[in-house]
Amino acid sequence: MSDEVHLDLAGHPVRITSHDKVFFPRRGETKLDLVRYYEAVAEPLMATMGGRPVLLERYPDGARGKSFWQKRVPKGAPEWLRTTTVQTVNGTPSNAMVAADIAHVAWAVNMGCLGFHVWPLHVDDRDDVLTFPDRSTSRIEHPDIDVEQWGGVDEREIADELRIDLDPTPTIGFDEARAAARLLQELLEELGIAAFPKTTGKRGIHVYVRLEPRWDSYEVRAAAVALARELERRHPETVTAAWWKEERGPRVFVDYNQNAPHKTVFGAWSVRAKVGGQVSTPFAWEDLDRIDPDELTIETVPRRLAADGDPWAAMYDAPQSLDVLLDMHDADMAAGLMDAPWPPVYPKMPNEPSRVSPSRARKD
């Protein structure tokens, strides 16, 4: 076979080198097979990821090989490739790829990117820049950040997605995540919030809420904290909002910090670095009890999509309000609760508790 193929995708020429290299050894799917998978799911993929910056996790030798993060678009990228400047979690500015169309996806796959870690915001189509809110309108107190430490930019991006990460602790698995997702669905329906689930491609479940573009990422995180705490209050034996692993026990952790500023989440329709080519797959709530994440692969997902359509199609028609969750956050603060802990890479935040684990604090 020839070492490369040339494709015309979305009006752009894309070269796929070493196209017959096996990326997923369980069934022998190649790099070109992965490109063809993304072509098959292009419409729903672009609906959720199109116009967003993405972080690339590259596996040049496929799912069994070593990986590294590609935070910046490398030199030599084609002229048509859209980029924008974002900040990584440690505050470093990066020239990130914008998932503008399926040609951008295929270009990244050619570099060994299997799946995409997606930002919860859109780029302005007119000038390829992000828009930022007036911080004076935020309901959440922002920290006094060392601007130089955070890359010289002291701005907060507007997020248009709330992403709820249901993460099983090591002693439990997908069945427990499934049960937690059902409880979360019930709570969100009670609050009048429409939400849409997907598998993570591993053991957990992500639940997305499309938002009106009115809140910055600090507010979205605060809403996630309030939601996690309320779910734990109602179902303390099943779910937990405890940041410290030693406090979680055999429960599903609601990882609110996936909504922290500058965080990305593994994208819908993206393919995991697993030998079976498992896909982070959107599904309908009525399928929750019968979904099997191991069976959702680059082989099966296109057939499922062709038969059933995009289960997230309705998500894009009616963006949601965060007001009810932010009211819950305000009530928790008024009742004397502190903010939930942040990851250690972030500066110390206002009203944040100590970042010392409970067991270590007792020893100290």
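Which residue lies over the face of Phe 253? Arg 248 does, at 3.7 Å from the ring centre. Here are some notes on this and other places worth a look.

1. First, the ground rules. This is a predicted model, in which local features need pLDDT of at least 70 and side-chain atom pairs count only at pLDDT 80 or more, while totals for chains, interfaces and linings use all residues. Residues are numbered from 1 along each chain as its sequence is written, and side-chain values use heavy atoms, with hydrogens and water left out.

2. Back to the charges over rings. The term applies if NZ of Lys or CZ of Arg is within 6 Å of the ring centre and within 35 degrees of the ring normal. Besides Arg 248 over Phe 253, have a look at Arg 272, whose charged end sits over the ring of Phe 266, 3.7 Å from its centre.

3. Arg 248 turns up again in the surroundings of Thr 169. With residues up to four places away in sequence set aside, Thr 169 touches Arg 203, Arg 248, Gly 249, Pro 250 and Arg 251 (contact means heavy atoms within 4.5 Å). Thr 169 belongs to the loop between strand E10 (158-168) and helix H4 (174-190); helices (H or I, at least four residues) and strands (E, at least two) are DSSP runs, numbered from the N terminus. Its C-alpha atom is 6.2 Å from that of Arg 251, though the two are 82 residues apart along the chain. Thr 169 has a relative accessible area of 6% and is therefore buried (buried means under 20% relative accessible area, exposed over 50%, partly exposed in between, with a 1.4 Å probe and protein chains only).

4. Next, a helix crossing. The axes of helix H5 (residues 217-234) and helix H7 (residues 323-334) come within 8 Å and cross at roughly 75°, so H5 and H7 are roughly perpendicular to each other. On the H5 side the contact is made by Glu 219, Ala 222, Ala 223, Ala 226, Leu 227, Arg 229, Glu 230 and Arg 233; on the H7 side, by Leu 325, Leu 326, Met 328, His 329, Asp 332 and Met 333. By class, that contact has eight nonpolar, one polar and five charged residues. For the terms: axes are lines fitted to C-alpha atoms, for helices over the stretch in contact, and angles run from 0 to 180 degrees between N-to-C directions. Angles under 35 degrees count as roughly parallel, over 145 as roughly antiparallel, 65 to 115 as roughly perpendicular and the rest as oblique. Ala, Val, Leu, Ile, Met, Phe, Trp, Tyr, Cys and Pro count as nonpolar, Asp, Glu, Lys and Arg as charged, and the others, Gly among them, as polar.

5. H5 also takes part in a ring pair. Tyr 218 of H5 and Trp 342, in the loop between H7 and helix H8 (358-363), form a pair that ties together parts 124 residues apart in sequence. The pair is tilted, at 5.8 Å centre to centre and 40° between the planes. Tyr 218 is buried at 4% relative accessible area, and Trp 342 is buried at 4% too. A search of the whole structure finds nine aromatic pairs, and ring pairs link Tyr 37, Tyr 38 and Phe 116 into a cluster. Rings of Phe, Tyr and Trp (its six-membered ring) pair if their centres lie within 6.5 Å; planes under 30 degrees apart count as stacked, over 60 as edge-to-face and the rest as tilted.

6. Two tryptophans deserve a check. Trp 269 lies in the loop between strand E15 (265-266) and helix H6 (301-308); its phi is near 70°, a positive value in a residue other than glycine, and at 2% relative accessibility Trp 269 is buried. Trp 285 is also placed in the loop between E15 and H6, and is buried at 12%. Leaving aside neighbours within four places in sequence, Trp 285 is in contact with Ala 181, Arg 182, Gln 185, Ala 195, Phe 196, Pro 197 and Val 207.

7. On backbone angles, Ser 18 has a positive phi of about 45° although it is not a glycine. Ser 18 sits in the loop between strand E2 (12-17) and strand E3 (22-24) and is partly exposed at 24%.

8. Finally, helix H2 (residues 42-49): six of its eight residues are buried, so H2 is largely enclosed by the rest of the structure. Those buried residues are Ala 42, Pro 44, Leu 45, Met 46, Thr 48 and Met 49. Just after H2, Gly 51 takes a positive phi of about 80°.
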